[in-house]
Amino acid sequence: MTIRIEVDPTACKAHGLCAELLPELIELDDWGYPVIADADVPRRLRPLARQAVSACPTLALRRRAAASAAVSQPRAQGSRAFRD
Ligand code: SF4
């Protein structure tokens with residue numbers, strides 16, 4: 001089981017506290033809204049992730065349990081990559 005961090009963009013008010021508490025996984029965009037890394041929370045950062053979720057003043061941040069990383073599947077025969 002892995003853990004991911006997600007933000008509810010409608011609830012987030014761009015306080016930026018989450019990025020201060022968990023800079024390894026959360027950056028702020030030019031307007032102060034969090035950009036969450038597309039990655040599982042490493043075990044060593046889980047306590048900080050919990051703290052960031054608890055500290056969010058608008059309850060916009062949450063942890064989500066996710067299944068382990070999916071194994072990439074081989075392409076079906078005859079499929080082609082999308083091109084412009
Ligand atoms: S602490 Fe909460 S409200 Fe503030 S930027 Fe992070 S998710 Fe948004």
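Helices (H or I, at least four residues) and strands (E, at least two) are taken as DSSP runs and numbered from the N terminus. On this basis the chain contains 2 helices and 4 strands, arranged along the sequence as β-α-β-β-α-β. The model is a predicted one, in which local features need pLDDT of at least 70 and side-chain atom pairs count only at pLDDT 80 or more, whereas totals for chains, interfaces and linings use all residues. Residues are numbered from 1 along each chain as its sequence is written.

Burial was assigned from C-beta atoms placed from the backbone: a residue is buried if 20 or more other C-beta atoms lie within 10 Å of its own, exposed if 12 or fewer, and partly exposed in between. Buried residues account for 15% of the 84 residues in the chain. Two residues are in contact if their C-beta atoms, placed from the backbone, lie within 7 Å. Of the contacts between residues at least 6 apart in sequence, 59% link residues at least 24 apart.

A nonpolar core is defined as a set of buried Ala, Val, Leu, Ile, Met, Phe, Trp, Tyr and Cys residues joined through C-beta atoms within 7 Å. The largest such core comprises 12 residues, namely Ile5, Cys18, Leu21, Leu22, Leu25, Ile26, Val41, Ala49, Ala52, Cys56, Ala60 and Leu61. Two or more residues of this core are given by each of helix H1 (17-21) and helix H2 (46-55). In soluble globular proteins, nonpolar side chains tend to be buried together. Leu25, a member of the core, touches Ile5, Ile36, Ala37, Ala39, Val41 and Leu45 when residues up to four places away in sequence are not counted.

The ligand is surrounded by 14 residues, with Cys12, His15, Leu17, Cys18 and Cys56 the closest; a residue is included if its C-beta atom, placed from the backbone, lies within 6 Å of the molecule. This shell divides into 10 nonpolar, 3 polar and 1 charged residues, where Ala, Val, Leu, Ile, Met, Phe, Trp, Tyr, Cys and Pro count as nonpolar, Asp, Glu, Lys and Arg as charged, and the others, Gly among them, as polar.

Cys56 belongs both to the closest residues around the ligand and to the largest nonpolar core. Cys56 lies in the loop between H2 and strand S4 (61-66) and is buried because 20 C-beta neighbours fall inside 10 Å. Beyond four places in sequence, the contacts of Cys56 are Leu17, Cys18 and Leu61. The C-alpha atom of Cys56 is 9.6 Å from that of Lys13, 43 residues away along the chain. Lys13, in the loop between strand S1 (2-7) and H1, has 11 other C-beta atoms within 10 Å and is therefore exposed. The C-alpha atoms of Lys13 and Pro34, 21 residues apart along the chain, are separated by 9.8 Å.

Most residues other than glycine have a negative phi. Ala14 has a positive phi of about 60 degrees although it is not a glycine; Ala14 is placed in the loop between S1 and H1 and is partly exposed, with 13 C-beta neighbours inside 10 Å. Leu59 likewise has a positive phi, near 60 degrees. Leu59 occurs in the loop between H2 and S4 and is exposed, with 11 other C-beta atoms within 10 Å.
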